Amino acid sequence: MHDNEEQAPAGFTRRNVLRASASAAAALGAAGLPIVATGAPAFATGGGHGHGGGLRAEPLIPSRNRGIILYSVRDRIGATPDTTGVPYGFERVLARLAEIGYQEVEFAGYTQNTAILGRQITPKEIRKILDDNGLIANGTHTQISPDTFEREMDIAQELGMKHIGTGGDPTNSAYKADWDAAADVWNELGRRAKARGLRLYTHNHDTAYDFLLDAGPLDAAGKPTRSSGVRRLEYFFDKADPRYVFFEMDIYWAYVARFKHQTYIDRRGNQQTDLFDPILTVAPRTTRFPLFHAKDGDRNLAVPDGYDMVPLGDGDINFQQFFQTIGEPNLHHANWEHDDASGGSAIPAQSLNFAASSYTNMSDLTIYRR
């Protein structure tokens, strides 16, 4: 358990709380604990007379903002036509996701198996499938490069996106000079994106929240070997123009960063400890985070990342606390992701089954207000 999270009563784990009834969740709320309910809330309107004591229940993540990055089901989008009865290709998979309840999708490529149409599908054809199923494209993970940016924006706009981004860092470097150079490029590309009605965003893995090497003795190449304690992406926040550059926090990788990147060597050669807090990173600049990856992890101290990736609701990450604290629920789009959801030939439906259970648990996150 993270030290910024509240301790649940004895006998409760977060995943048990996630599966609690609405009445049990209300009791937890009355005790000042995070509230998560599944199933229909016990009360939906205010008033006294035993009907919730003036409380009303609202979804923590509005239905219109519940999405999925298609990377999670890439095995079925890219699948060869088969007789398993499991959807394959964009047309069938997107229809299934809409049936589950998702209203938004984030792209991670625009191709499917050519055996489906006898050729590759086009962005125009994908847009029609989106429209036919009432789905909205809220973003994409694509290559962000000055040489190809106009073409990528063309595709994004053809698919109806308001955000365009990448699945990696602006630079993988540990040094300020490289982040400064990246900021110059991203500020210009972000300006071009805004001129076309788009927001440019970058996506983190855990290394983005490791510490810069920006202090102390220099190595043989003239590079700093120690740190001031500033984290890489947090340095980039201040270098990137808030009018033009935005962020998508992968919540799972942020909590992995909290587990992995706790210490640094300061300019005097002393080890310092600093715990990364994903919530406190987002909250002061919450409007710069229009998108999130709602990816869950089961705490496991025996593995290098500190977590095993699991469907949303099966792990230990407190999404209730996260989304309730950062605020702005109408601004934030939550895209479910599981990097390794495929069940292969043995369980071809696994990724879509994970998508279904994760949607249920995402939609059941409930906030109670007076």
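Modeller: Two strands pair if DSSP finds at least two bridges between them; strands are DSSP runs of E, at least two residues long, and helices are runs of H or I, at least four long, both numbered from the N terminus. This is a predicted model, in which local features need pLDDT of at least 70 and side-chain atom pairs count only at pLDDT 80 or more, while totals for chains, interfaces and linings use all residues. Residues are numbered from 1 along each chain as its sequence is written, and side-chain values use heavy atoms, with hydrogens and water left out.

Colleague: Thanks! What makes β2 and β3 a pair?

Modeller: Three bridges join β2 to β3 (residues 104-107) in the parallel sense, and at least two are needed, so they pair. Within this pairing, G67 stands opposite E104. Strand β15 (residues 333-336) also runs parallel to β2, again with three bridges, and there I68 has W336 as its bridge partner.

Colleague: How do you know that both faces of β2 are covered?

Modeller: R66 and I68 on one side of β2 (residues 66-69), and G67 and I69 on the other, are all buried. Buried means under 20% relative accessible area, exposed over 50%, and partly exposed in between, using a 1.4 Å probe and protein chains only.

Colleague: Then why does R127 count as partly exposed?

Modeller: R127 has a relative accessibility of 28%, which falls in the range between buried and exposed, so partly exposed is the label. R127 lies in helix α5.

Colleague: Why is α5 called roughly parallel to α6?

Modeller: Helices α5 (residues 123-132) and α6 (residues 149-158) pack at about 30°, their axes 9 Å apart. Axes are lines fitted to C-alpha atoms over the stretch in contact, with angles running from 0 to 180 degrees between N-to-C directions. Under 35 degrees counts as roughly parallel, over 145 as roughly antiparallel, 65 to 115 as roughly perpendicular and the rest as oblique, so α5 and α6 are roughly parallel.

Colleague: Which residues make that contact?

Modeller: Contact means heavy atoms within 4.5 Å. From α5 come P123, K124 and R127, and from α6 come I155, Q157 and E158.

Colleague: Finally, what makes a group of residues a nonpolar core?

Modeller: A nonpolar core is a set of buried Ala, Val, Leu, Ile, Met, Phe, Trp, Tyr and Cys residues joined through side-chain atoms within 4.5 Å. Here the largest has 80 residues, with F323 among those with the most contacts inside it. Helix α9 (residues 251-260) gives the most to this core: seven residues. Beyond its neighbours within four places in sequence, F323 is in contact with L60, I61, I251, F292 and A334.
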